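Here are my notes on the model, point by point. Please read them with the structure open.

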Number of protein chains: 2
Amino acid sequence: MPYIPLSEKLPGITGLLDYRKDTALPIRQLTQILLRGESTLTEGERELIAAVVSQEDECRFCTSAHSAIANILVDEEGIAEKVRSDIDTAPVSNKLKALLKIAQATVRNGRQVTEEMVAEARAEGATDRELHDTVLIAALFSLYNHYVDGLASVTPTDPAFYDRLGKILKDKGYLPSENRYAGL
Amino acid sequence: MPYIPLSEKLPGITGLLDYRKDTALPIRQLTQILLRGESTLTEGERELIAAVVSQEDECRFCTSAHSAIANILVDEEGIAEKVRSDIDTAPVSNKLKALLKIAQATVRNGRQVTEEMVAEARAEGATDRELHDTVLIAALFSLYNHYVDGLASVTPTDPAFYDRLGKILKDKGYLPSENRYAGL
């Protein structure tokens, strides 16, 4: 049971974004810019960062949701689970591996990001902007993870729910839209 | 030294918000709504939540900045330091004490917010909206703290810097403005 009254039809973050729409709007806009805007990181890579970071925070809703989206976007069966299980052996670029480790450290505590981690990412070709965006995506998912779990929003256990949500987020992105969650 | 090139004149979050203005805008807007918008919590109470949460994350820049603002807004000498030192004995309402503990738990990990904490806040008169906003302010400062420290932005050590920044934020709020940091 959530700690405040939320629509039963809207589990996880969806009910919270519906509860207070004025605060939801800039959260949605920031997410759209970071995860779907112009970037040298693919949308799939950015969703993998979100999934790994959410797992680090043990936020089951966000981990499942962004794993589902990453699996839709990346042409590699079960990529999210592979990356979440072991970054080092996952079939992603060395640059992304280094960025994923920076993202993980960021959500544990920003001060855990070390010069060595940054140097390793740069050696694999990471740019200033990619470093910035990786840290900010991780920081944004700190917000999401703590928001979702701090108010005890409902976490569906049926994997099919996240497949449906992932498809909605892939097709519609993160900005508000009419009948956004129809069929969820 | 920050991990990416930031203006030397803009330490802490200020340089990061200047680095990528398109992502900065929704972050600023969310902060303005939550910390300065209509609320049954005073601006001073909301800044105290930000200060306590930032201390929990050990983000020195954000702790110092929001302590300075709280001390300007609340008519009680050194209120931020008193609350940060011991919530239970600080000269604030029992409702705020209960909310501050929820905020602290939220940034540690959202799942640390318990039904008992929520029941205690409700017994002291906290509303659904106050519970929601407390958790979302804490979640927003998870973003700020991890963003600021994850990129190793500069943390000034001179307390006078934070007094100047606090005055700017009190007078101008959080939205973008011309010559925002003149005199910082």
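1. Chain B and chain A share 4 salt bridges. A salt bridge here is a side-chain nitrogen of Lys or Arg within 4 Å of a carboxyl oxygen of Asp or Glu. One pairs the side chains of A:Glu58 and B:Arg111, at 3.2 Å from N to O.

2. A word on the basis. This is a predicted model, where local features need pLDDT of at least 70, side-chain atom pairs count only at pLDDT 80 or more, and totals for chains, interfaces and linings use all residues. Residues are numbered from 1 along each chain as its sequence is written, chains are lettered from A, and side-chain values use heavy atoms, without hydrogens and water.

3. In contact (heavy atoms within 4.5 Å) are 44 residues of chain B and 44 residues of chain A. The two chains bury about 3800 Å² between them, 64% of it on carbon and sulfur atoms. That area is the accessible area (1.4 Å probe) lost on being put together, summed over both parts. In chain B, B:Tyr3, B:Arg20 and B:His146 lose the most area to chain A, together 18% of what that side buries.

4. Of its 15 residues, 12 are buried, so H6(A) is largely enclosed by the rest of the structure. Buried means under 20% relative accessible area (1.4 Å probe, protein chains only). Among them are A:Leu99 and A:Ile102. The buried residues of H6(A) pack against H3, H5, H7 and H8 of chain A, together with H8 of chain B.

Technical notes: Buried < 20%, exposed > 50% of the residue type's maximum accessible area, 1.4 Å probe, protein only. Helix = DSSP H or I, 4+ residues; strand = E, 2+ residues; numbered from the N terminus.
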